[in-house]
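Subject: Structure handover and notes

Dear colleague,

Here is the structure we spoke about handing over. My notes follow it.

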Amino acid sequence: MNKAVENNSVKPKYKRIILKISGEVLRNKENGNTIDPKILNELSIELKAVHDMGVEIGLVVGGGNIFRGLAGAKRGVDRTTGDYMGMLATVVNGLALMDCLEKMGVHVRVQSAIPMKEIAEPFILRRAVRHMEKGRLVIFVAGTGNPYFSTDTTAALRASEIGAQVILKATKVDGVYDKDPHLYKDAKKYTRVSFDEALRNRLNVMDSTAFSLCLDNNIPILVFDINEPMAIQRAVMGQDIGTLVE
C-alpha cells in the first residue's frame, strides 16, 4: 500500500461500497506484530482518500491476524467457541481502524453484530444507512453474529442489506485465477468473469454461501491486491485492477 493521492476532480464509478479486508492485511510478517502501526496508518490514509471522494464506505474486516475459528478447531478448540473468538478478533481490528481514521478527521461508526454497547453500536440497518448518507464511514464487526459464517458472508450480507453497488474484496493476490498462481506458473488470470462461469469453473472468489448471496442479489465482486499502489482508489474509480465478477 502506497500513500494515496487525493483526486476529487474525477467522479468515482461506485457511490456506495462494501470493502472487505482480511485481518491478515494488518499483520507485519517480518516482526509478527498483530496490528502493525505503519500498515494501519497507510491503509487509513487510503480509506480517507476514498472517503473524501464522496464514496459511502461500509468496511468489513476479518480477524485472521489475531484468531481464526477454523484454525482454532484444528488445534482442539470447539468450532462454535472458536468462531466467536474470531468474531471478537474482528472487533479489535475494527476499533483499531476507527481510532486511526478518527485521528485523521474521518467520522466513523462501529456497528457490531454481537451486542457490546460500551464499545460499539448494535447493527441496525436503517442507522447504518443513515450514517453513510451523513458521510460517516461504517465499520461492521463481529461477523454476522453467528458461528459457521465467514466474514466473506458478512460482506455479502451487509452489501445486500445496505444496497451496495459492489463488494471490493481486498486480498493478497491480484485477482481470480483458474488455479493457484503460487503453485502453477501457467495459471490464467481473469480480468472479468460472469457468476455462471465462476461457478462452472469452480473459481475461488468467495466461499459458497457468500458467493450465492452475491449471485442472488446481483452484487458484483471486485477481487484485487490491497498492496498495489492506490489499489482501493483505483477499484472505486473503475480502473483496470483485479478481477470483476458480475
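Helices (H or I, at least four residues) and strands (E, at least two) are DSSP runs, numbered from the N terminus. With that in place, Arg202 lies in the loop between helix 6 and helix 7. The model is a predicted one, in which local features need pLDDT of at least 70, side-chain atom pairs count only at pLDDT 80 or more, and totals for chains, interfaces and linings use all residues. Residues are numbered from 1 along each chain as its sequence is written, and side-chain values use heavy atoms, with hydrogens and water left out.

Backbone

Arg202 has a positive phi of about 50° although it is not a glycine. Its relative accessible area is 78%, so Arg202 is exposed (exposed means over 50% relative accessible area, buried under 20%, and partly exposed in between, with a 1.4 Å probe and protein chains only). Tyr148 is not a glycine either, and has a positive phi of about 75°. This residue is found in the loop between strand 5 and helix 5 (151–162). Tyr148 counts as exposed because its relative accessibility is 51%.

Helix packing

Helix 1 (residues 37–52) packs against helix 3 (residues 79–103) at an angle of about 65°, and the axes are 9 Å apart. Axes here are lines fitted to C-alpha atoms, for helices over the stretch in contact, and angles run from 0 to 180 degrees between N-to-C directions. The crossing of helix 1 and helix 3 is right-handed; a crossing is right-handed if the near helix is turned clockwise from the far one by less than a right angle, and left-handed if anticlockwise.

From helix 1, Leu40, Asn41, Leu43, Ser44, Leu47 and Lys48 meet Ala96, Leu97, Cys100 and Leu101 of helix 3 (contact means heavy atoms within 4.5 Å). By class, this contact of helix 1 with helix 3 has 7 nonpolar, 2 polar and 1 charged residues. In that scheme Ala, Val, Leu, Ile, Met, Phe, Trp, Tyr, Cys and Pro count as nonpolar, Asp, Glu, Lys and Arg as charged, and the others, Gly among them, as polar.

Aromatic rings

Rings of Phe, Tyr and Trp (its six-membered ring) pair if their centres lie within 6.5 Å; planes under 30 degrees apart count as stacked, over 60 as edge-to-face and the rest as tilted. The count by this rule is 2 aromatic pairs. Phe123 and Phe140 form an edge-to-face pair, at 5.7 Å centre to centre and 75° between the planes. This pair links distant parts of the chain, 17 residues apart: Phe123 is in the loop between strand 4 (121–122) and helix 4 (125–133), and Phe140 is in strand 5 (residues 137–141). Phe140 has a relative accessible area of 1%, so it is buried.

Phe195 and Phe211 have ring centres 5.3 Å apart and planes at 70°, so this pair is edge-to-face. Distant parts of the chain are linked here too, with Phe195 in helix 6 (residues 195–200) and Phe211 in helix 7 (residues 208–216), 16 residues apart. Both Phe195 and Phe211 are buried.

Charges over rings

Arg158 lies over the face of Phe140, 5.8 Å from the ring centre. The charged end of Lys179 sits over the ring of Tyr184, at 5.2 Å from its centre. The criterion is that NZ of Lys or CZ of Arg is within 6 Å of the ring centre and within 35 degrees of the ring normal.

Single residues

Lys20 is in strand 1 (residues 16–21). With a relative accessible area of 6%, Lys20 is buried. Leaving aside neighbours within four places in sequence, Lys20 is in contact with Val60, Thr151, Asp152, Ala155, Leu168, Lys169 and Ala170.

Val193 is in strand 9, and is buried at a relative accessible area of 2%. Not counting residues up to four places away in sequence, Val193 touches Ala198, Leu203, Thr243, Leu244, Val245 and Glu246. Ser194 is found in the loop between strand 9 (192–193) and helix 6. Ser194 is partly exposed, with a relative accessible area of 31%. Its contacts, leaving aside neighbours within four places in sequence, are with Val245 and Glu246. The C-alpha atoms of Ser194 and Leu244 are separated by 8.3 Å, and the two residues are 50 residues apart along the chain.

Regards
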